[in-house]
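Here are a few friendly notes to read beside the model. Have the 3D view open and follow the points in order.

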Amino acid sequence: MKKSTWTKNSFAGLTRALLAVVLSAAVALPVSAGPREQAAQIHNRIAGVPASTDPVNNVLQRMEDAINGTEPSCATYGVTGATCAAYIAMDNVSFYNVTLKNFAAPWTNRDQSVFVPLNDYVATVIGMVRDDIPFNTLLSADLTYVGRPGVVPAAPAANSNDHYAQLESNNVNLRDDLVSAPQSSVQGIPSSATAGVMTSRAASEAFFVAGTNRAMFRFTLMNHMCNDMEQMHDPALSPDRIRQDVSRSPGGDSRLFLNNCIGCHTGMDPLAAAYAYYNWNETTMSLEYTAGIVQPKYFNNDLNFPQGFRTQDDQWENYWRRGQNSYLGFDPGLPGEGNGAKSMGEELGNSQAFASCQVRKVFRSICLRDPEDINDRNAVDAITTTFRQSGYRMRQVFADVAVHCMGQ
Ligand code: HEC
């Protein structure tokens with residue numbers, strides 16, 4: 001009895017093992033995807049839902065035809081082949097309401113959570129992608145996106161997110177019902193004080209609240225240059241603009257300052273000076289801009305090291321153009337210094353690191369993984385070059401990445 005049970009079980013086990021071998025071999029073999037499978041993959045990744053096969057729209061068929069070079073509507077997109085298939089997929093409203101919302105939402109809060117209500121930062125990203133607005137202006141433009149007038153009851157406001165919460169809860173079609181507006185008109189700050197999504201209401205609330213405004217810099221660096229401060233550590237730069245709050249002998253140990261604190265603060269403090277006139281006002285629940293008057297938070301703990309740098313105005317300077325961080329590739333055509341967040345946002349937005357970071361984020365969103373091998377890295381480099389050379393259009397990036405990951 002025992003023996004026969006053993007035999008029976010082992011036979012079943014052997015069968016399962018064989019089956020597993022056969023299946024894993026099938027999975028491991030390069031599965032060749034034809035144009036229809038590629039079209040389906042592109043659509044799933046871009047829109048997050050399967051392509052429609054209903055006879056009226058027949059999106060899947062049009063995409064397959066695009067890949068085969070026989071889809072007439074490709075002429076209207078100005079692209080051909082699989083790229084055209086990706087543009088067809090981007091017509092799906094879910095690309096805007098779901099894919100792009102989830103793409104941008106983590107950039108708008110400290111926890112990097114995707115589960116936040118729609119806000120002006122996310123809407124601006126969605127609108128800029130849809131309208132092919134040069135994305136290198138993301139951190140500098142006087143631009144926001146709002147719902148078409150009347151589409152929800154609450155008007156866009158500097159002191160409330162209700163407008164966007166209603167766009168979301170009413171499931172408003174963001175592909176069709178978002179319109180652009182000057183951010184200055186909604187935020188109630190001068191146009192010259194706007195700096196793209198950095199001065200959006202959502203970013204202000206998350207990163208200009210309390211603290212010393214260094215958080216706005218750190219999160220912008222993480223979200224749009226794909227680096228955290230730790231990776232920028234360069235103790236060789238001049239410490240002359242490190243603020244007074246950074247102790248030069250933390251815990252009585254000046255070596256700690258020289259080896260550790262200095263590495264981040266040498267580069268960050270002169271850049272974060274650009275935000276000297278901004279604060280998130282927790283009473284009015286809105287962004288406050290005090291032209292010409294440095295916010296008191298820049299003088300927090302100024303007795304820690306009174307000889308340290310005392311912020312006089314919003315003049316910033318980019319020390320990372322020198323030394324080990326120069327690989328970020330700042331634009332040699334820009335001066336590397338200036339006044340205020342707008343010009344600092346141009347400095348970041350026109351760097352090589354900014355462009356390749358956008359491509360890597362799209363890669364993760366569409367390929368559902370990080371770039372892995374040389375093939376992926378070459379693709380990221382080529383897509384970044386196209387992005388920079390043809391007007392920083394994000395839809396082109398989504399299309400190029402989707403084609404790279406459509407299977408072959
Ligand atoms: C890895 C980079 C890094 C290093 C190293 C570093 N800092 Fe900072 N520091 C930051 C960032 C980023 C912030 C802004 C944090 C925030 O507000 O979210 C900050 C903020 C501060 C602040 C303001 C705190 C506040 O209340 O907002 C002080 C003071 C400070 N650092 C001192 C130091 C000292 C002293 C050292 C060395 C012991 C040090 N830092 C090392 C990156 C760094």
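1. Start where helix α7 starts: a side-chain oxygen of Asn 119 comes to within 3.1 Å of the backbone nitrogen of Tyr 121. This is a polar contact, a pair of N or O atoms within 3.5 Å; within protein, one must be able to donate a hydrogen and the other to accept it, and residues adjacent in sequence count only if both atoms are side-chain atoms.

2. A word on the source: this is a predicted model, where local features need pLDDT of at least 70 and side-chain atom pairs count only at pLDDT 80 or more, while totals for chains, interfaces and linings use all residues. Numbering runs from 1 along each chain as its sequence is written, and side-chain values use heavy atoms, leaving out hydrogens and water.

3. How many residues of α7 (residues 120–130) are buried? The count is 11 of its 11 residues, among them Tyr 121 and Arg 130. Buried means under 20% relative accessible area (1.4 Å probe, protein chains only). Helices are DSSP runs of H or I, at least four residues, numbered from the N terminus. Just after α7, Asp 132 has a positive phi of about 55 degrees.

4. Now find the ligand. Its iron atom has a single protein donor, His 265 (NE2), 2.1 Å away; donors here are N, O and S atoms within 2.8 Å of the metal (3.2 Å for Na, K and Ca). His 265 sits in helix α13 (residues 254–272).

5. Around the ligand are 17 residues, each with a heavy atom within 4 Å of it. Helix α13 gives the most to this shell, five residues.

Methods
Helices (H or I, at least four residues) and strands (E, at least two) are DSSP runs, numbered from the N terminus. Buried means under 20% relative accessible area, exposed over 50%, partly exposed in between (1.4 Å probe, protein chains only).
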